[in-house]
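Trainee: I would like to go through this model with you, one question at a time.
Mentor: Gladly; let us look at it together.

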Amino acid sequence: MIDVNEVLIKCLFWVFSIFALMVVAFIAFLWPVLGILALLFLLLIMCAVFFAKPDWWRMVRPRKEKPPEERPVKGFAAEMMLESCVGQEPIVICKPEMIIGRKDTCDYVLNSPSVSREHCKITYKETTHLYYIEDLDSAYGTFINAGRLPKCSPTLLKPNSMVTLSDQRYIFKAIR
């Protein structure tokens, strides 16, 4: 969403700049030396604002609020989770298809530089009641019980399996 105040400030800046150029052109017509100096000064200010890009100049878009990861999808009961081996927050599988990664649009965000933007996808097949994990072409890979998953190939995820997402280790288990 674009902030209307920032757009208004930008428009006013450019309108002022054009008006100032017209005034400088009039001065240059009457007093050429003074007009050239005023034109150079105005161009210097405009370039400084344009290249420095102060905070009011940037088009800052607010981040979208994400719903809590524990909020299940309607009609889907969260039964499984990835429990961290080092005491971090568990990843509750709260959707039939969940993408885990570093990107803000992922269903669960892991803030680790070694985790890819979209690292892996966990899918629940309602017909078979089984979970699958798929590596989404991540840089450092996704592992199950120390075996690297082939890229973009769903692999069965069994309870009590050790899941490693780059340097993060989890146990896939039922929610108590």
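Trainee: What is the relative accessible area of Glu 83, and is Glu 83 buried, partly exposed or exposed?
Mentor: This is a predicted model, in which local features need pLDDT of at least 70 and side-chain atom pairs count only at pLDDT 80 or more, while totals for chains, interfaces and linings use all residues. Residues are numbered from 1 along each chain as its sequence is written, and side-chain values use heavy atoms, with hydrogens and water left out. Burial is judged by relative accessible area with a 1.4 Å probe on protein chains only, where buried means under 20%, exposed over 50%, and partly exposed in between. Glu 83 is partly exposed, its relative accessible area being 24%.

Trainee: Which residue meets Glu 83 in a salt bridge?
Mentor: A salt bridge here requires a side-chain nitrogen of Lys or Arg within 4 Å of a carboxyl oxygen of Asp or Glu, and the N to O distance of this pair is 2.9 Å. Glu 83 lies in strand β1 (residues 80-84) and its partner in strand β11 (residues 168-174), so the pair ties together parts that are 90 residues apart in sequence; strands are DSSP runs of E with at least two residues, numbered from the N terminus. The partner is Lys 173.

Trainee: Which residues are joined with Glu 97 into one network of salt bridges?
Mentor: Glu 97, in strand β3 (residues 97-101), links to strand β5 (residues 120-125) through a residue 24 positions apart, and the N to O distance of that salt bridge is 3.9 Å. Salt bridges that share partners join Glu 97 into one network with Lys 121 and Glu 134.

Trainee: Which strands stand at the edges of the open sheet of five strands?
Mentor: The order in this sheet is β4-β3-β5-β6-β9, with mixed pairing, where two strands pair if DSSP finds at least two bridges between them. Each edge strand has a single partner strand, so one side of each is left without a neighbour in the sheet. The edge strands are β4 (108-109) and β9 (155-157).

Trainee: How many disulfides does the structure hold?
Mentor: A disulfide is counted when a pair of cysteine sulfur atoms lies within 2.5 Å. Cys 85 is partly exposed at 39%, while Cys 94 is buried at 3%. The number of disulfides is zero.

Technical notes. Helices (H or I, at least four residues) and strands (E, at least two) are DSSP runs, numbered from the N terminus.
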